[in-house]
Amino acid sequence: MLKSLQIEPEKCTGCLQCELACSYHHEGVFNPSKSRIKVFTFHHEGRFAPYTCTQCAEAWCLHTCPVEAITVNLTTGAKEVAVEQCVGCKVCTIACPFGTINYQVETGKVAKCDLCGGDPECAKACPTSAITYVDAEQTGYQRMRAHAAQSIKSL
Amino acid sequence: MAWTGNVLRVNLTERTCSKEPLNKDWALSYLGQRGLATKYLTEEIDPKIDALSPDNKLIMATGPLTGTPASTAGRYSVITKSPLTGTVACSNSGGFIGMEFKNAGWDMIIFEGKASSPVYLYLENEKAQLLPADEIWGQSVWQADEWLHNRHQDPLLRIAAVGRSAEQGCLFSGIINDLHRTAGRSGVGTVMASKNLKAVAVRGTRGVGNIKDPVAFMQAVNAGKKVLAEGPVTAEGLPTYGTQVLMNVINEVGAMPTRNFKDVQFEGAAKISAEAMHEPRPSDGKPNLVTNAACFGCTIACGRISTIAGGHFTITNKPQYRGASGGLEYEAAWALGSDTGVDDLDALTYVNFLCNEDGMDPISLGSTIAAAMELYESGAITIEQTGGIELKFGSAEALVKLTELTAKGEGFGREIGLGSKRLCEKYGRPELSMTVKGQEFPAYDPRGIQGMGLAYATSNRGACHLRGYTVSSEIMGLPEKTDPLITDGKAALVKAFQDATAAVDSAGLCVFSTFSWTMADIAPQIAAACDGDWTVDSLLETGERIWNLERKFNLDAGLTGADDNLPERLLKEAAKTGPAKGKVNDLAKMLPEYYQLRGWTADGIPKAETLSRLSV
Ligand code: SF4
Ligand code: SF4
């Protein structure tokens, strides 16, 4: 079964534990500025929105990379950057419509979410279940259920 | 390890920023944040100096766990000498800036001297610069925050700033970070403004590493998170209702100070409670509360984000207050609400916004306005003196108007900015000031919660609930239930809470974690992260060492055991209603035993053997 990250921003409290877990897994340090999942705060709306790569089926970053440094992990479906191959040209960062692949000055390469090889740390760290890792074909079910609950009220 | 080992010293007079190594020996004895910075302060300043003179220093300090994934470890404290109390001041704040200091590579920043014109500190990792702040001097924290973000074109910049109240010398101004988190008490913001330092803007990208045993640390951290996620207060009460979960509870036990402590129960409590914040309101069908919010790394997420009802009189023609922002916590709702007799939730939310926008401690503000209301109603202040404001208990209009004036240091607001003690002395009725050592009381009436009377009287920063929160035991039964109406055993209880809290505050953790965590949950996290031998016992001893060091500072500053006292009202005027009806606080029954347990003389002076046992 292919799985996807399911993000429910309405549950998020903005604590950044997901960012810490991500940076620790990938970089070995607790450093939100190196996280591949980012939580955005909309203070005046009172909202927090975690955001990361959705692993597009037709991934623009992958197609656009001139040195074929981005490949598909066939087990997880993640589009992964082969760091040895990346030349840091940043074309992928322009191609991605969502901005979820970014350049790192220190390494001169790009970095993106790779689903931690199939056991995403952000989902494990999140205390509110705003991030879960679920069947890729069912990421809408939570919301469907909520609407279904609404509709039975009028029965 | 876990400390970065770097201290930034900023000399505002000379306009220099220099890096120096952290004193490791002190770190091993005082842990970090509150304890360690107090050690620096006591070594570097004469406790007798004028708190608002350039001789005072102001330290922003993180704990060794700040910035790590230990739950609630996003905190930092501001340590200085208080202009409100003349004691040591240590005010703790959450949000995100503590973690950012750590990510920039600093354990603490020591500010000394005074700049000749307004400046702010810009900190980007190693790079530290003092830059002119003339354009934001005279502006609110929110305006300064926006200006700094624009100026540096960096949305991730974390900012702590002082508001107009501090610039104008209000004695209970705090330092606001991340727009609505505050190092709130004892006038630490007033000290910052007295140095012509408007703001600190920091961006750290280096990360927090330096963990002694990462595997053991992550195990201890995850075990700790689990305990918080399962404890009733930290998993349900605080996320759902915030600290406001206490409003109805404390009112029922008859410990809700009302109208400047004339009463102990507030008839309007339900209208300004957590439950009321969840109720859809008539104007727009939405509740006051938009969401809960966490500080950095926190599993609990007690923070409130609120809006004011459209059409409410407070926001007519003021579009800047129509969005969501930091909402009411229990202390603010109590001080601005029951203590002034005001039960208008929207008015309180607006006043709370102003406290965040211009950096006023809502506890001291509400309590001082409450004292002013009693002065007014008893004829000690006239309507000419208030500038036409009818300062009656229960008047939301008066509360709002006075807050607006205090925020800017205008009109009668300047007098409110003196704090309750100086205000009541000025108008000839010192007995109406509900303060200890010049600091206003928080939201628990010590006639209905006896232990809190002792905790207030002996707190090293004047009346305060966060130095020894025996409410936890006396009301909530955590970790064990004690009877709030009796004094037996309270001396030991207060001491135990004071010592444990000093250690928690020095680690970088939030004291609310202790609604579920015991020291046995905390010690393994510190031990795995830091050099040194950190056990439950060594942490409690560290807490006791910190307590005695703070006490010594205060005694050297000229305070005496006679300052460990409560206002007459709480010792002589019995509670009129509720379970504590007929009771006063029996401080005299608890204080001698407390001194004895502390190893202090009958006059409250630490004995030589106590200080040497603790190596203070
Ligand atoms: S860990 Fe969960 S609650 Fe915390 S910021 Fe990330 S998504 Fe939001
Ligand atoms: S419990 Fe509340 S105050 Fe403490 S760190 Fe968490 S959100 Fe912040």
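**Ground rules.** I am working with a predicted model, where local features need pLDDT of at least 70, side-chain atom pairs count only at pLDDT 80 or more, and totals for chains, interfaces and linings use all residues. Residues are numbered from 1 along each chain as its sequence is written, chains are lettered from A and ligands numbered from 1 in the order in which they are written, and side-chain values use heavy atoms, with hydrogens and water left out.

**Ligand 1.** I looked up its neighbours, meaning residues with a heavy atom within 4 Å. There are 14, and A:Cys12, A:Cys15, A:Leu16, A:Cys18 and A:Cys126 come nearest. I sorted the shell into ten nonpolar, four polar and no charged residues. For the classes, Ala, Val, Leu, Ile, Met, Phe, Trp, Tyr, Cys and Pro count as nonpolar, Asp, Glu, Lys and Arg as charged, and the others, Gly among them, as polar.

**Ligand 2.** Here I found residues of chain B, including B:Cys295, B:Cys298, B:Cys302 and B:Cys510. By class the shell has nine nonpolar, one polar and two charged residues. Why is ligand 2 said to lie between two domains? Domain 1 (6-203) and domain 2 (258-433) of chain B both give residues to its shell; the bounds come from an automatic or database domain assignment.

**Second largest cavity.** A cavity is a set of points on a 1 Å grid over the protein atoms alone where a 1.4 Å probe fits but cannot get out, and lining residues have an atom within 4 Å of a point. The whole structure has six cavities of 30 Å³ or more. Of its 14 lining residues, A:Cys53, A:Cys56, A:Cys61, A:Cys96 and A:Thr100 lie nearest the centre. The lining has nine nonpolar, three polar and two charged residues.

**B:Glu267.** I found this residue in the loop between α9 (246-252) and α10 (274-278) of chain B, helices being DSSP runs of H or I, at least four residues, numbered from the N terminus. Buried or exposed, I asked of B:Glu267? B:Glu267 counts as exposed because its relative accessibility is 61%, and the cut-off is over 50% (1.4 Å probe, protein chains only). B:Glu267 and B:Asn251 are 16 residues apart in sequence and 8.8 Å apart in space, C-alpha to C-alpha.

Methods:
On a 1 Å grid over the protein atoms alone, a cavity is a set of points where a 1.4 Å probe fits but cannot get out, and a pocket is an open set with protein on both sides within 12 Å along at least five of seven lines; lining residues have an atom within 4 Å of a point. Grid points are joined across faces, edges and corners, and a volume is the space filled by probe spheres set on the points. Helices (H or I, at least four residues) and strands (E, at least two) are DSSP runs, numbered from the N terminus. Buried means under 20% relative accessible area, exposed over 50%, partly exposed in between (1.4 Å probe, protein chains only).
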